[in-house]
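Thanks for coming. I will go through one structure, and I will keep to what was computed from the atoms.

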Amino acid sequence: MASCTYTVPDKAASGDNFYGAVICNQAYVDYFWNTYGFSGNKAYWDDGWGWDDCCNTSKPLARAFNGCYALTYSASDYLNDSYSAPILNWGRRYVRENIDDLRSFCGDGTAIARSKSGGLVEVYLGFFYSKDVPGRAETLIHESRHQGGKPHDANFPSGSVFGSGKSGADSSWDYEGAWMYGALYLWWYYAVGARTTSALRERARQRGNLVIDNAFATHPGFSI
Amino acid sequence: MLSSKSSDTPFLGSPDTLEVRQAEHPFSFRNSKDEKLNALIVEAVNRMGGVGDDAEENYRRALSSLTKRGPSVLDVVAAEYEDLPEDSYLDRWSLVQLIVELRYPEAVKPLNRIIAARIPGEKIKRSHDMSTVAEEVMIRTTAVEGLVRLSADGVPDAREMLLKHAAHRTFSIRRACVQGLMQTGTNDDKRKLRRLLKERKEEGLLKIKQVDVRSVPQPIGGRFVVPPQVKSEAPPPDLRATKE
């Protein structure tokens, strides 16, 4: 068992203030809890993580729910989660079908999240406190892709902000790995994201471009 | 079909525990005694993170109130940016985004200062998905977007800065400047840019195109298909109207 403390940053630009006001409804809490891998994992969301205070966006569980809200409702036609629709629509379905257990941990400060065997995804402090709300949805999609059978298969390219030559990149866009899924989700969020602001969409664009520029061994040759 | 998941049985062993501390407001406004202006800045940053069908409208309204105060707003926002701790990446980004949105020609100087500032070394060395350098780069590419918008508005200094930073040491910043200048620069700017890229043997940057998301390869979605009887529908996106 580890114990950790965290000082919460301003909740405005991340989206937590406003998403937080929306998710504080039992219908959403029930839906997110039962749909995205929280169910059966109460112990991992207790003891300061927010299980008994799930509307408090200073705490991790509400911040995770905010990410789940963005994941679920950012397509204007969110009820269509067909795989023939854009990833903005089916991202929520992909997460639902690939993450069986979502658990929170302090982490050692070297990762946002990790995908473990058997549908288990661990999320760490950075997921809640360094990622904005759409960025958390991106992370859930990224980790779901690992659960879907695609590990990273290449080293980061020369000059990459993630570390030249380090492992953890995807070889190409066509590999259809976790970086591609995350970047594409952000791209669609930027292009047609609903119920959000142009500022958060611009943030998604900047993050998406950063991934495209730095997380593929071979640059895809396009940008957002 | 019955779920194979366990119920939320209390743990025998203890998982991690967390103590959360609420920080004070991130902005100090040490250099601004104009409380109304300060409140408008806070409101605009707050509205950036809005959600709901009226989120954009509320954000635009906040920006509009701020714009009425004129370019002197820039000095306050830029001072706040400088005052924030280095690791307040999202808060710093929000102020840069605000400068971008205000679209004052006078913003070229602060935007240039932000882009030109040295990027501190990576603080998280053993990670593949966390990077303080990445956060710094996103702040700067957002500042580049500000220059691109000003260049589109016909501000010559903005074009000049885009050309200058097309030789930035960070790839994403170079790429953003090249694309921005090719889209908004004059023929003369583009000629100078091509010459610069040729000298630096970076003409490949011209081949990276900004495209519509619909034109790039899309993935084939799921590995599994959930039987319809197991899928529960999400509640409507805004239950506030019906909340008791």
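First, a definition: helices (H or I, at least four residues) and strands (E, at least two) are DSSP runs, numbered from the N terminus. This is a predicted model, in which local features need pLDDT of at least 70, side-chain atom pairs count only at pLDDT 80 or more, and totals for chains, interfaces and linings use all residues. As for bookkeeping, residues are numbered from 1 along each chain as its sequence is written, chains are lettered from A and ligands numbered from 1 in the order in which they are written, and side-chain values use heavy atoms, with hydrogens and water left out.

Start with Lys68(B). It sits in the loop between H2 and helix H3 (72-83) of chain B. Is Lys68(B) buried or exposed? Lys68(B) is exposed, at 68% relative accessibility. The cut-offs are under 20% relative accessible area for buried, over 50% for exposed, and partly exposed in between (1.4 Å probe, protein chains only). From the C-alpha of Lys68(B) to that of Phe171(B) is 37 Å, and the two are 103 residues apart along the chain.

Most residues other than glycine have a negative phi. Lys201(B), not a glycine, has a positive phi of about 55°. Its place is in the loop between helix H9 (187-199) and S2 of chain B, and Lys201(B) is exposed, with a relative accessible area of 74%. In chain A, Asp47(A) also has a positive phi, near 55°. Asp47(A) lies in the loop between helix H2 (26-35) and helix H3 (60-73) of chain A, and is partly exposed at 39% relative accessible area.

Now the interface. How many residues of chain B are in contact with chain A? The number is 87, against 112 residues of chain A, where contact means heavy atoms within 4.5 Å. Asp16(B), Leu18(B) and His128(B) supply 9% of the area that chain B buries against chain A, more than any other three residues. Buried area here is the accessible area (1.4 Å probe) that two parts lose on being put together, summed over both. Between the two chains that comes to about 8300 Å², with 55% from carbon and sulfur atoms.

There are 5 salt bridges between chain B and chain A, a salt bridge being a side-chain nitrogen of Lys or Arg within 4 Å of a carboxyl oxygen of Asp or Glu. Asp213(A) and Arg175(B) form a salt bridge through their side chains, at 2.8 Å, N to O.

Not counting residues up to four places away in sequence, His142(A) touches His152(A), Ala178(A), Trp179(A) and His128(B).

Last, helix H8 (residues 198-214) of chain A. Its 17 residues reach 24 Å from first C-alpha to last, close to the 24 Å expected at 1.5 Å a residue; the expected span is 1.5 Å times one less than the number of residues. Why is H8(A) described as largely enclosed by the rest of the structure? Because 16 of its 17 residues are buried.
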